[in-house]
Amino acid sequence: MRAKKNFLLVKNQRIEQNERLSEKAKARLGKSKADNTLKAYCADWSDFSDWCRYHGERDLPARPETIVNYLNDLADDAKANTVARRVTAISENHMAAGYTGKNNPAKDALVRTAMEAIRREKGTFQQGKAPILMETLYVLADCFGDDIISLRDRALIFLGFAGAFRRSELVAIQVEHLTFTTQGLVILVPQSKSDQLGRGTEIAVPYAPDPEVCAVRAVRAWLQAADIHTGPLFRPFTRSHTLRDSQLTDKSVALIVKKYAALAGFNPASFAGHSLRRGFATSAAQHDVDALTIMRQTRHHSEKMVHRYIEQGNIFKENPLNKMYKK
């Protein structure tokens, strides 16, 4: 991550030069935000800073008017949610520089009003990737071979769906995190996007009645074939199909999902790594699973997104035309 000198969320000089802080405290303070969040904020701040330089404006501290003008230029081509994230990045970097409360220009009423206008004009609906539903798993099951790469990919896709895992959670699973029981598989998730404090949670995946789409059996088959006993569960291969010791990248999850979507005859561009997690929630809603039960598996802390999945899952099921057609 190549950050500009005035991007203070990384190696903040106010922290680094504070003689009252121990080195251990400084190191821990530097981990207050997830790496992916920092990368996104870094890119957002870089864009704002470049815009300011081009227009002869100061970026830190910025004037509220500068931020509003930048947002309106950005809104010509970007979605409302992207614009809102830029505001957050600008705000976070100002806070890191010591501009808090009323001194933070990104918190100014003028910026809030600008964002309200942009949301009203552009809307906030986001077209997500297509979900891999329960019935989709059966279609994908016919696309796997008997080779070791197919065994890995089958386990990754089936477990990703059954555990409603985020890409980062899925590739971070270690063999030590797995506990096989007579009922199925329990996976420890030490830390995740919704658990930044690392309290940890356990996800239960029962045996599926149909072995063809059973995540537990797929994981067992992969472990046995790869002879893995410790370390990352999902690993890359060399060009000669030798298994590496490192874990897959989260981007690899999307590539694997797209690969089998294409083999199954779907448009791979419509699918991504999130299709597994979204597919679980949508399928659960279609099978009348209540929101709180879905949230226990997906680890969502807010019902807002889960209810969106439920609405998508029931878009045909609760359609008034179904009753009208029966008349």
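User: Which residue forms a salt bridge with D44?
Analyst: This is a predicted model. A salt bridge needs a side-chain nitrogen of Lys or Arg within 4 Å of a carboxyl oxygen of Asp or Glu. The closest N and O atoms of the D44 pair are 2.8 Å apart, and the partner is R85.

User: Why does the pair of D44 and R85 tie together separate parts, and how many residues apart in sequence are they?
Analyst: D44 lies in helix α3, residues 35-55. R85 lies in helix α5, residues 80-96, so the pair ties together parts whose separation in sequence is 41 residues.

User: Is D44 buried or exposed?
Analyst: Buried means under 20% relative accessible area. D44 has 1% relative accessibility, so D44 counts as buried.

User: What class does R85 fall into, at 39% relative accessibility?
Analyst: Exposed means over 50%, and buried means under 20%. R85 sits at 39%, so R85 counts as partly exposed.

User: Which residues do salt bridges with shared partners join into one network?
Analyst: The bridge between D44 and R85 has already come up. Salt bridges that share partners build a network here, and its members are D44, D47, R85 and R86.

User: Where do D245 and R235 sit, and how far apart are their closest N and O atoms?
Analyst: D245 and R235 are both in the loop between α10 (215-226) and α11 (250-263). They are ten residues apart. They form a salt bridge, with the closest N and O atoms at 3.8 Å.

User: Which residue meets R152 in a salt bridge?
Analyst: The N to O distance in this pair is 2.9 Å. Both side chains belong to buried residues. The partner of R152 is D153.

User: How many salt bridges does the count come to?
Analyst: Side chains of opposite charge can pair when their charged atoms come close. The pairs here include D44 with R85, and R152 with D153. The count comes to ten.

User: How many disulfides are there?
Analyst: C42 is buried, with a relative accessible area of 5%. C52 is buried too, at 1%. A disulfide needs cysteine sulfur atoms within 2.5 Å. By that rule the count is zero.

User: Which residue joins the side chain of S150 in a polar contact of 2.8 Å?
Analyst: S150 is in helix α8, residues 148-162. With a relative accessible area of 6%, S150 is buried. Leaving out residues up to four places away in sequence, S150 touches F144, G145 and Y260. The side chain that joins S150 in the polar contact belongs to D147.

User: Which residues does I157 contact, leaving aside neighbours within four places in sequence?
Analyst: I157 is among the residues with the most contacts inside the largest core. Its contacts beyond those neighbours are L137, L140, F144, I256, Y260 and L276.

User: How far apart in space are A75 and M115, C-alpha to C-alpha?
Analyst: A75 lies in the loop between α4 (64-74) and α5. A75 is buried, with a relative accessible area of 11%, and belongs to another core, of 31 residues. A75 and M115 are 40 residues apart in sequence, yet their distance in space is 9.7 Å.

User: Is R53 buried or exposed?
Analyst: R53 is in helix α3. Its side chain makes a polar contact of 3.0 Å with the side chain of D50. The relative accessible area of R53 is 56%, so R53 is exposed.

User: What percentage of the 327 residues is buried?
Analyst: The protein has 15 helices and three strands. Its accessible surface comes to about 19,000 Å², with 51% belonging to carbon and sulfur atoms. Of the 327 residues, the buried share is 42%.

How values were computed. Residues numbered from 1 in each chain as written. Predicted model: local features only at pLDDT ≥ 70, side-chain atom pairs only at ≥ 80, totals over all residues. Heavy atoms only, no water. Helix = DSSP H or I, 4+ residues; strand = E, 2+ residues; numbered from the N terminus. Buried < 20%, exposed > 50% of the residue type's maximum accessible area, 1.4 Å probe, protein only. Polar contact = N/O pair within 3.5 Å; in protein donor to acceptor, adjacent residues only side chain to side chain. Contact = heavy atoms within 4.5 Å. Areas by Shrake-Rupley, 256 points an atom, 1.4 Å probe, with all protein chains shown as cover. Core = buried A, V, L, I, M, F, W, Y, C linked by side-chain atoms within 4.5 Å.
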